[in-house]
Amino acid sequence: MNLHQTAVEREFGTQVTVKINGGDFTVDEGDTILTACTQAGIDTPTICYAENLTPVNACRVCVVEVEGNRTLVPSCSRPVEEAMVISTDSDRVKHSRKMVLEFLGTANDLSEAPQINEWSTEYGVDITRYAEGAERFDQPVKIQDNLYIRDYDKCVLCYKCVDACGEEAQFTFAIAMSGRGFDNRISTEFDVALPESACVYCGNCIAVCPTNALQFKTEFDLRQENNWREEEQTVTQTVCSYCGVGCNLELHVQDNQIVKVTSPADHEVTNGMLCIKGRFGWKYV
Amino acid sequence: MADLHLTIDNSTDAERISVDAVLAPDARVVIHESERLVRGGMARKNDRRHLLLPALHALQADIGWISAGGLNYISDVLQVPPAEAYGVATFYELFRTEDPGHSDSTVHVCMDTSCHIAGAEAFAQALEADGKQVHRGPCLGQCERAPAQFVQGRGAADSVPADADNIASPGAFLSIQRAAGDTGGLRLLANVGVVDPTSLVSYREHGGYVALEKALSMGGQAVIDEVRLAGLTGRGGAGFPTAIKWQGVADEQGRPKHVIANADESEPGTFKDRTLMENDPFALIEGLTIAGVSVGAENGWIYIRGEYPLATTRLTNAIEQARTAGLLGVDVMGSGFDFDIVLHTSAGRYICGEETALLNALEGKRANPRAKPPFPQVSGLWGKPTIVNNVETLCNLPGILAHGVGYRLVGTERSPGTRLFCLSGHVANPGVYEVPQGTTLGEMIEIAGGATGSTRAILMGGAAGSFIDADQLDMPLTGEDTRERGTTLGSGVITLFDDTVDFVLLLTRITEFFKSESCGQCVPCRVGTTRQHEVIVEMGVRGSLSEERNTLIDDMALAMADASICGLGHTAAGAVQSAIRLGLIGSAL
């Protein structure tokens with residue numbers, strides 16, 4: 001796909017030309033390499049990136065090679081520059097992406113992260129080749145109320161929930177990164193239970209979680225019963241009726257019951273974020 | 001009260017008194033009923049956030065740990081969300097968030113490289129047998145005194161027992177190995193054992209502050225040009241040309257600007273900055289002031305590691321004396337420039353020495369490195385143009401301004417001037433030495449009294465560096481020459497290991513160091529350093545590395561070097577890979 005024709009038709013902003021995998025592409029100045037790659041029709045794996053959050057470039061699975069840079073660079077956060085020469089399919093890029101996926105596979109339970117598993121297959125991940133007794137990210141599932149569960153075996157420390165809880169959306173700051181190194185954990189202060197913390201149960205942390213470490217209790221219970229049938233679920237779009245803001249809701253329905261509520265990340269009112277009423281206030285339905 | 005949510009845990013009188021003692025009355029955030037933290041309060045919250053670390057230090061020192069109630073009090077006073085404050089408290093080596101169950105001081109024992117081979121574990125056990133509360137931890141920056149200890153006081157000041165002689169006779173502390181032979185005299189160490197480090201008068205009697213006066217009369221750009229001509233490069237490890245860094249900040253329009261002395265010396269094997277700060281603290285103050293007035297910065301910071309109590313005392317005293325004498329503060333030396341320095345104490349974390357991690361640490365956040373670009377010169381402390389320079393780099397400035405082009409008379413064309421080296425391990429006289437750049441490794445070791453025993457390998461650049469064979473003694477000690485031979489100078493670390501060393505145990509410790517010092521932010525480093533350590537531990541059990549494990553080590557090393565955010569991950573495999581290459585580990589016994 002040649003972006004050149006479509007790009008020059010744009011009306012606003014300065015544009016720059018970059019080379020991606022040998023082809024020339026013209027993109028808006030200020031765009032990230034990831035955006036440029038997407039426009040160029042190149043799929044890039046991402047885990048900690050979300051379109052409605054500021055990139056933290058922590059997972060490093062989106063790295064690309066940029067000529068003149070000693071190390072690989074995270075495509076999710078690095079802005080394009082004029083005449084940048086980018087490679088997304090070099091051996092170095094493939095190697096680092098594979099290793100990141102492999103590392104996560106050795107540390108975490110990725111059983112409910114199908115997208116990550118697809119990439120792991122694509123990049124040839126082998127999690128069996130590590131030393132015996134490799135330390136894993138083990139923690140018991142935290143069930144402290146009737147709305148959320150937190151299964152940190154699945155947590156890849158992508159910071160999305162922390163940012164959604166904090167300055168990126170909710171400004172509640174109930175959870176933050178704690179600890180150090182491999183023992184880093186998402187936690188409330190002194191790991192107090194959520195109901196004792198600042199948590200307001202907006203569920204925005206669940207909405208951004210890429211590995212299902214954070215789940216609706218409804219989903220968790222159905223999964224425990226072996227009765228979570230995502231493929232059979234219908235999604236109904238509606239507008240939240242609690243106040244006049246006009247948040248779009250997506251009601252996920254299974255067996256005539258609402259099992260999960262989300263909002264589109266690209267919705268101009270919500271950016272994917274909701275409050276407790278929109279997220280959980282549907283028991284009367 | 002704003003909408004900050006705190007748990008029900010109450011602080012004690014002792015905790016409140018402790019925190020209040022370190023926070024100025026105006027540090028307390030007052031948020032009015034009508035104000036929401038989200039807008040009005042947020043700016044002020046960030047404004048005071050850098051006081052979080054001093055407040056946590058106060059609780060740790062006075063109470064012995066940081067309780068839920070104590071944390072609540074700090075969170076309330078500074079309006080920092082308690083979950084974030086907890087995240088910061090749990091980030092540092094010197095902070096405890098669980099009741100230790102005793103009221104004794106804690107003796108930190110270094111377990112790294114030089115101390116490791118000097119019997120650190122036996123030393124720790126002996127202290128324990130003596131009834132001491134021992135914490136085994138990373139390098140304490142006293143490698144010449146291996147095995148090293150640092151006493152974290154409880155209701156008493158922190159101390160290092162080995163500092164006693166220096167404290168007793170500060171003006172004549174000569175036991176540092178300072179001589180560079182007949183190689184053109186000392187510059188960086190010239191004042192050590194000559195100038196009384198507690199006296200500004202003594203410093204000025206020996207030529208102190210002549211350089212700052214000169215800098216002020218020359219003007220900032222002329223100073224930067226002088227530094228460029230001198231060819232000064234960073235002494236922290238990366239070796240970046242100092243003048244280029246400075247020019248970047250001088251050309252920035254953003255205000256205020258900051259200059260920071262990186263005194264978080266934590267690379268195993270490094271203790272040169274401690275030596276400078278303890279014995280010539282005014283040189284750092286003067287150097288930092290020169291940097292500040294040259295780039296037009298109003299604010300100077302020294303971020304010093306928490307395990308350097310004597311250096312902290314001496315610097316605090318030096319700052320006060322300089323301020324009283326009009327060498328800091330409003331209208332420095334009558335020049336019209338305002339410049340002052342704040343000393344900020346870390347709490348034990350190798351990663352804080354990474355310049356962008358240091359910025360976050362100063363701001364009171366978890367010291368995670370930031371993505372670059374933007375570089376600190378453009379967006380540094382609180383998003384403002386910022387210089388971060390190593391202590392030794394800054395201490396070069398008075399000499400450069402005093403000598404002018406004479407600075408280049410020693411050293412090599414590409415690496416002019418002198419440089420400090422930290423020799424430790426199996427060498428006759430461990431210590432800090434100043435020699436012209438380009439001195440060979442063999443000459444350097446001879447100056448330090450020669451190797452003891454039969455040298456099996458030399459670790460260049462510390463844990464983040466690499467091992468070389470003892471047949472590299474002809475290697476000139478410059479950045480470019482070491483690079484050419486596939487190794488590094490790093491922060492001037494030269495650690496010798498004789499043929500009695502169990503390298504499997506040594507590498508087990510080095511990999512453990514990286515595992516526990518990784519900030520954990522990015523996947524390649526967080527998991528990579530852990531998996532690397534596990535492979536080395538497994539090798540210790542099996543006795544050798546299989547072909548498959550060798551491949552795995554290389555695969556992990558490449559990903560850590562390529563995809564990690566910062567230098568910690570980039571260099572975390574260097575020691576392991578070089579040790580395998582040299583046959584120190586890996587082959588069957």
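Trainee: At what angle do the axes of H3(A) and helix H21 (residues 523–542) of chain B cross?

Mentor: This is a predicted model, in which local features need pLDDT of at least 70, side-chain atom pairs count only at pLDDT 80 or more, and totals for chains, interfaces and linings use all residues. Residues are numbered from 1 along each chain as its sequence is written, while chains are lettered from A and ligands numbered from 1 in the order in which they are written. Axes are lines fitted to C-alpha atoms, for helices over the stretch in contact, and angles run from 0 to 180 degrees between N-to-C directions. The two axes come within 9 Å, and the crossing angle is roughly 60°.

Trainee: Which term describes H3(A) relative to H21(B)?

Mentor: Angles under 35 degrees count as roughly parallel, over 145 as roughly antiparallel, 65 to 115 as roughly perpendicular and the rest as oblique. The axes cross at roughly 60°, so the term for H3(A) relative to H21(B) is oblique.

Trainee: Which residues of H21(B) make the contact with H3(A)?

Mentor: Two residues are in contact if their C-beta atoms, placed from the backbone, lie within 7 Å. H3(A) contributes Met99(A), Val100(A), Phe103(A), Leu104(A), Thr106(A) and Ala107(A). On H21(B) the partners are Val523(B), Pro524(B), Val527(B), Gly528(B) and Arg531(B).

Trainee: Which element gives the most to the side of chain A that touches chain B?

Mentor: The contact takes 44 residues from chain A and 44 from chain B. Helices (H or I, at least four residues) and strands (E, at least two) are DSSP runs, numbered from the N terminus. On the chain A side, the elements that give two or more residues are helix H3 (91–107) and strand S7 (176–178). With nine residues, the element that gives the most is H3(A).

Trainee: Where in chain A is the pLDDT below 50?

Mentor: pLDDT is the predictor's confidence in each residue, from 0 to 100. Chain A averages 93, with 96% of the residues scoring at least 70. The stretch with pLDDT below 50 has 14 contacts in the model beyond near neighbours in sequence, and covers residues 1–9.

Trainee: What is the handedness of the crossing of H14(B) and H15(B)?

Mentor: H14(B) and helix H15 (residues 309–324) of chain B pack at about 55°, with their axes 9 Å apart. That makes H14(B) oblique to H15(B). A crossing is left-handed if the near helix is turned anticlockwise from the far one by less than a right angle, and right-handed if clockwise. For H14(B) passing H15(B), the crossing is right-handed.
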